[in-house]
Each structure stands twice: as structure tokens, then as C-alpha cells.
Amino acid sequence: MANRPVTIDVDAIVASRFPEKKFPSWVLGLVKRFIHQDFLNGYFSQGKIGTDFAPGVLEYMHVKVDVRGEENIPAEGRFTFVCNHPLGGVDAMALIAFVGNRYGDRMAIPANDFLMSLKQLDEYLLPVSKMGGQSRELGRLMDEAFASDRQVVIFPAGLCSRKIDGKIQDLPWKKTFVTKSRESGRTVIPVHFSGRCSWRFYFADWLRKVFRVRLNFPMFFLPDELYRHRGKTFTMTIGEPIPPETFTPERKDVEWAALVREKVYSLE
């Protein structure tokens, strides 16, 4: 696959979205600094894509990941790697880099809007956040991914962790990974990732709830949160595999998803 650098251009984005409006240059400058356009483009311009992209992000940011429990992964098999989502960026890159290092390009990643914006990972991404209408085409892609020999990487919360009941944790996990893993005979591999975002991110989410704002505007802070994690070390812990036959009719799939979520947090 040929390199195809994809960079961020705030000026071009604003001009295409608001062709009738003229924003002051200082406003656009603030936006560029807030999302760290130059820093991100410094990496994007290297042209890394596919399995080179995620490891390259970690190297560029001088982020280290201490992986524990790797021996829990069976030598062979088709797996669904499920992970909590505390950081919204570095954690995704770390797990994708880990799975890519073990299995090459045999990956499928159901992704939210933030990940979908990374065109460098296009060949692995499935746009689950656009499945609200359960498009037949997108549903088919999901079924094919779980039925394939690719390893599935999924963050069942769908969104970055929030502060809930005084603790930084995921929203309730969606049941899709349970249903699809059972149907396709996949073993689930629970993964816990350490870390948290800044107080500002959680405060923004609190404001959104207080004022009942439907727009999930805290996600606009994620590029800055990513930038703040430069030079840090995180721990990724892999738990014992969960065979697909575990998910019996004794419980609803949403209940099984909650139990797997609890198992992931027990790895802290």
C-alpha cells in the first residue's frame, strides 16, 4: 500500500463547512493551537498507515506501554479483544499496536467517529457509530468481520470513560461483542488500560449533563487530551480468555456484557 499522508487543515475544513462565513484569523489560530494541528501534522506527514500507524503514534509521543498478562492469550484462535476506554486516544493506539504486532493486518476495529477520522486506519475500521439505523450494509460488514479470521478490537462503551459515581469508568458496555462473539465462536480477551483524562474533560462532561446539552462536545477536547499524554507510561493488563460457550441463555447478553466489564475492571 502506498503512503498517502493525511493531514489536518483547519482553514480548509472551515472554508468547506461554512463557505458563506469569514472567521477572523485569530479565531482559526486558537482552534489550530487547541487541537495541536502542527503537532499532529508533524506525525501525519510522515505518511505512516496500516499496521505502522498506531506504533508510530506511540513512538512519536514518547509513550510507553507496560503490557502484562500477554501469556493469557491462547497461541491460536479467533479473538475479540475488549477494553475499557479511559483516554479516548492513546489507549486505542496502544491496543491496536499490540494486536497489529501479533497478528499483522488481520484486524477489524468497530470504531466511533473519533477513530473513523483516522483515514490511515481505513482498511480496519467499521463505522459502528453510524449504525443507529442499522443499515443493512454496515450490519453485513460487522457480521463479516466477526465471521472472518481477523482479530476484532473493540471498546464496548463506544465513548471515552466519564466520571460516574465519583469514579473514572466506562459507560455501560454495549452487548454487540457478546452476541457476535458467541454467534461466530470467538473467544473474548478482556483488557484493562490504566490512566485518566484531565479534570477539564470531566468538568466539560458534567456541564453537558447539568445543562442537558445533547451535543457530546467533550469529545472536542480529545486531541488536547492526546497531546497531554506525551511522555507518559501506561499499563495494559490482559486477563484470562472467556470462551464463547460461556455466554449461555441463563443471562441476557447485556448482562453478560456487564459481567465482562466487571472482569476488566478487576484487572486494575
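This report describes the sheet, the nonpolar cores and the aromatic contacts of a predicted model.

## Basis of the description

In this predicted model, local features require pLDDT of at least 70 and side-chain atom pairs count only at pLDDT 80 or more, while totals for chains, interfaces and linings use all residues. Residues are numbered from 1 along each chain as its sequence is written, and side-chain values rest on heavy atoms, with hydrogens and water left out.

## The sheet

An open sheet is formed by 7 strands in the order 1-9-8-2-5-3-4, with mixed pairing; strands are DSSP runs of E with at least two residues, helices are runs of H or I with at least four, and both are numbered from the N terminus. Two strands pair if DSSP finds at least two bridges between them. Strand 1 (64–68) and strand 4 (125–127) stand at the edges with a single partner strand each, so one side of each is left without a neighbour in the sheet. From one strand to the next, the twist averages 25°, where axes are lines fitted to C-alpha atoms, for helices over the stretch in contact, and angles run from 0 to 180 degrees between N-to-C directions.

Strand 2 pairs with strand 5 (residues 151–154) in the parallel sense over 3 bridges, and F81 stands opposite V153 in strand 5. Helix 7 (residues 136–147) packs on the sheet, touching strand 2, strand 3, strand 4 and strand 5, and its direction makes about 145° with that of strand 4.

## The nonpolar cores

A nonpolar core is a set of buried Ala, Val, Leu, Ile, Met, Phe, Trp, Tyr and Cys residues joined through side-chain atoms within 4.5 Å, and buried means under 20% relative accessible area, exposed over 50% and partly exposed in between (1.4 Å probe, protein chains only). The largest such core has 42 residues, of which F81, V90 and M93 touch the most other members. Helix 5 gives the most to this core, with 10 residues.

Leaving aside residues up to four places away in sequence, V90 touches L58, M61, V63, F193, L226, H229 and F234, contact being heavy atoms within 4.5 Å.

## Aromatic contacts

The structure holds 17 aromatic pairs, counted when ring centres of Phe, Tyr or Trp (its six-membered ring) lie within 6.5 Å, with planes under 30 degrees apart called stacked, over 60 edge-to-face and the rest tilted. W199 and F203 form a tilted pair, 6.2 Å centre to centre with 50° between the planes; both lie in helix 9 (residues 199–210), 4 residues apart. W199 counts as exposed at 64% relative accessibility, and F203 as partly exposed at 40%.

Ring pairs also link F39, Y43, F44, F53, Y60 and Y227 into a cluster.
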